[in-house]
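Take a look at the picture, then read along.

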Protein chains: 2
Amino acid sequence: MSSVTAELLTIGDEILYGQIVDTNSQWMSVALSEAGIQVVRKTSVGDVESEILTAFSEAEQRVDIILVTGGLGPTSDDLTKPCLVKHYNCELKINEEALSEVTAFFKSRGRELTDVNRQQAALPTCCEKVTNKIGTAPGMWFERNGKVLVSMPGVPHEMKLMMKDLIIPKLKQRFVTPTIFHQVIRTVGIGESFLSDKISSWERSLPPHIRLAYLPSLGDVKLRLTGIGKSKEELEKEMDELVDGLIPLAGEYIFGFGDDPLEKVIGDTLRDRNLTLSIAESCTGGYVSHLITSVPGSSNYFMGSLIPYSYEIKMRQLGVRPETLEQHGAVSEATIVEMANLVRAKFSTDIGVATSGIAGPGGATPEKPVGTVWIAYSDKHHTVTKKLQLSTDRGINIRLASTAVLNLIRQSLPKG
Amino acid sequence: MSSVTAELLTIGDEILYGQIVDTNSQWMSVALSEAGIQVVRKTSVGDVESEILTAFSEAEQRVDIILVTGGLGPTSDDLTKPCLVKHYNCELKINEEALSEVTAFFKSRGRELTDVNRQQAALPTCCEKVTNKIGTAPGMWFERNGKVLVSMPGVPHEMKLMMKDLIIPKLKQRFVTPTIFHQVIRTVGIGESFLSDKISSWERSLPPHIRLAYLPSLGDVKLRLTGIGKSKEELEKEMDELVDGLIPLAGEYIFGFGDDPLEKVIGDTLRDRNLTLSIAESCTGGYVSHLITSVPGSSNYFMGSLIPYSYEIKMRQLGVRPETLEQHGAVSEATIVEMANLVRAKFSTDIGVATSGIAGPGGATPEKPVGTVWIAYSDKHHTVTKKLQLSTDRGINIRLASTAVLNLIRQSLPKG
């Protein structure tokens, strides 16, 4: 079977000028690859008509599928639609269905449709509309000489929903793609190179039709196995066996499989075991609570948090003893133990966790440099503490410390 | 003066497969734009000889300068060098200076030079070597028919040092570049299309050498002016005057200029006026606190937060009256007023803010659909409340509500 190829085309000066990082095209690459479609080129051009038209023609020569993002806003610097009209040699006309969708969108937010918004419902007559459920610019699907071009808004969450719900299913119908099967193994608490060392023998034993990729992000590493074959069932069975072989080497770091992040896996465990959680977070400033509450249904097990950023609030609101703070400082094992126990008691939960550290850039001392963080877990059976030495970057420290707290919960929960 | 144009060409399967996000090209765009060089296209191709050669030829037709990253490693899937040799029709030969540099590099790290590493000192005979002070793969500078192509390693810190120290200075010598100046105007509390309506007369009056772009993200819109001219001072003065003309039309939505996000601007104001802040956040689950504490030095004005996620904690820890919750529910004006006032009193701060809403997907009632959010601001002079009707997406609602709270602080602060 010959492969189905795609080009990703991004339109907009903001990418060429470097004012935003293009994260859309990475997401699209992964989604297409999972659908058995091979991305062979990525192109970005600016808001210039001639550049956009050239890019359309060139891509049409090269690939089966062209996925275009950006340049669909209602303002005058958005040129994608006029260029598509030229390229496909048709007209721009108000699409009644699109108009009623965009009208409903504004109505649901209690706002009136302006003339500018109305123009978003104008579509080239030669395209099929792709509904945008969470935004005002519809997508557009074109076909000519066996080639497909789809234009989508550049707003990441709008593009992603459109791709997942409508475009990928339609592309899979339209083209015959090989079976590609992915298994994602989620790990936490170990860096990429250490993990790679631990599993090198396993990695070398992978058969040629199954490839491994390391996808590291802040605090965790995904292992993605990609297999190409004839049947999904066969590939799935083969990968299950491969994963079995991985457990003895790195099982303690594996928290799950597939899309669920650590906060979701922990949330599921808490709900299944009828356990409740409260958090006292200082240096992480709300980020642990944010991760926990980003999971739908988290109100079933998460009762609340206290963010005692100042010494005053640590003492008065949480109840940390002044002697502890004076003798050991806020960033200490003695303080973090009190914080975790106190929040658990005050909020009457089964589990309490706490963070305290020097996120940076200020606040460091010779003994406690930037990146020093204490975290603690407390339940009725035991209290567990951990000292972390992280980076010199504030944003990175907040994220790494938050992942470390989630991992501490995972490791310390009473066995079910 | 005609503009000097550049294309950024990235080589490597890892970008096409979506295994890494390409952050190099954003950095390069900014650096080139500051040097007066206009990036007109970005291209990524995989580790495939024919694709790479086509990309070289196409780029040479289009632009003055081609900047290539990636594909310079010592392994067999790295094809940039053999392709450059073909494209420029010359030979690959050990460059003695490069060999002594790479030998010294390995020696300084206490390692022996392997045969594979030795090959990194082999360069096309028709290029000029560009020294890599912190890595093993040298850069290469080619010139033909007035066009320049520079090949660099894809490792971000190696590429950046090479660009800053050697390549940008050399490009500025080689080409006569115009001055490019950017001004970014930050707005919040108004959507892209409404903003565009309000400022359309101003937009139409912009001179041809100054272009406007709308850069919307969740909850705020950046307006970017890009000017091309002879002197930075002249452009800066011209843009200042343009911004003055924007104030009467949209001044109330403008919170700042340049890179600082809203949480930084608010933080600066709080610090300058010696005001302290506390937060009671329910539906935003810690995200407002996270934004506030993501700013270095926020401990100067931010005292802490309470996240009363359950009814119990709203009553017991924050002190919301049971009658209020019973009569009006947690998502109501009566409750949000109490929450803002109570957190301000409990945490002894000048300002208290609060959020309570239905983030979704669960918890909705016919009167309070998903996306209903109440926010409040309280200081000793007044209490301000606002009801929001947001989207059906939990993640989006958390972010939009958090930006709305920051905007409410901005609008409600006592005049300085």
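Two strands count as paired if DSSP finds at least two bridges between them. Keep that in mind for a pair of residues in chain B: B:Ile185 stands opposite B:Phe257, which lies in β12(B). Please also remember that this is a predicted model.

## A four-stranded sheet in chain B

The strand holding B:Phe257 belongs to an open sheet of four strands in chain B, ordered β10-β11-β9-β12, with antiparallel pairing. Which strands stand at the edges of this sheet? They are β10 (210–217) and β12 (254–257) of chain B, and each has a single partner strand, so one side of each is left without a neighbour in the sheet. On average, neighbouring strands here are turned by 20° against each other, direction ignored. Strand β9 (residues 179–188) of chain B is joined to β12(B) by three bridges, and the two run antiparallel.

Strands of a sheet pair through backbone hydrogen bonds, either parallel or antiparallel.

Now look for a sheet with strands from chain A and chain B.

## Where the two chains meet

How many residues does each chain bring to the contact? Chain B gives 64 residues and chain A gives 66 residues. On the chain B side, these divide into 27 nonpolar, 27 polar and ten charged residues.

Another link between the chains is a pair of strands: β14 (residues 302–308) of chain A and β14 (residues 302–308) of chain B pair in the antiparallel sense over five bridges. There, A:Pro308 has B:Gly304 of β14(B) as its bridge partner.

## Helices that pack together

| Helix pair | Angle | Axes |
|---|---|---|
| α2 (residues 24–34) and α7 (residues 156–174) of chain B | about 20° | 11 Å apart |
| α3 (residues 49–62) and α4 (residues 80–88) of chain A | roughly 50° | within 10 Å |
| α11 (residues 262–272) and α16 (residues 394–412) of chain A | roughly 30° | within 10 Å |

Start with the chain B pair, whose axes make an angle of about 20°. That makes α2(B) roughly parallel to α7(B), and their crossing is right-handed. From α2(B), the contact uses B:Asn24, B:Trp27, B:Met28 and B:Ala31, while α7(B) supplies B:Pro156, B:Met159, B:Lys160, B:Met163 and B:Ile168. Sorted by class, this contact has seven nonpolar residues, one polar and one charged.

In chain A, α3(A) and α4(A) cross at roughly 50°, which makes α3(A) oblique to α4(A). This crossing is right-handed. Here A:Glu49, A:Ile52, A:Leu53 and A:Phe56 of α3(A) meet A:Thr80, A:Cys83, A:Lys86 and A:His87 of α4(A). Four of the contact residues are nonpolar, two are polar and two are charged.

The last pair, α11(A) and α16(A), crosses at roughly 30°, and the two helices are therefore roughly parallel to each other. Their crossing is left-handed. A:Leu262, A:Glu263 and A:Ile266 of α11(A) make the contact with A:Thr403, A:Leu406, A:Asn407, A:Ile409 and A:Arg410 of α16(A). By class there are four nonpolar, two polar and two charged residues.

## Domains of chain A

Finally, step back to chain A as a chain of domains. The domain assignment gives domain 1 (4–174), domain 2 (179–257) and domain 3 (262–412). The C-alpha centres of domain 2 and domain 3 of chain A lie 31 Å apart. Seven residues of domain 2 of chain A are in contact with eight residues of domain 3 of chain A. On the domain 2 side, those residues divide into three nonpolar, three polar and one charged.

Terms used: Residues are numbered from 1 along each chain as its sequence is written. Chains are lettered from A and ligands numbered from 1 in the order in which they are written. This is a predicted model: local features need pLDDT of at least 70, side-chain atom pairs count only at pLDDT 80 or more; totals for chains, interfaces and linings use all residues. Domain bounds come from an automatic or database domain assignment. Two residues are in contact if their C-beta atoms, placed from the backbone, lie within 7 Å. Ala, Val, Leu, Ile, Met, Phe, Trp, Tyr, Cys and Pro count as nonpolar, Asp, Glu, Lys and Arg as charged, and the others, Gly among them, as polar. Axes are lines fitted to C-alpha atoms, for helices over the stretch in contact, and angles run from 0 to 180 degrees between N-to-C directions. Angles under 35 degrees count as roughly parallel, over 145 as roughly antiparallel, 65 to 115 as roughly perpendicular and the rest as oblique. A crossing is left-handed if the near helix is turned anticlockwise from the far one by less than a right angle, and right-handed if clockwise.
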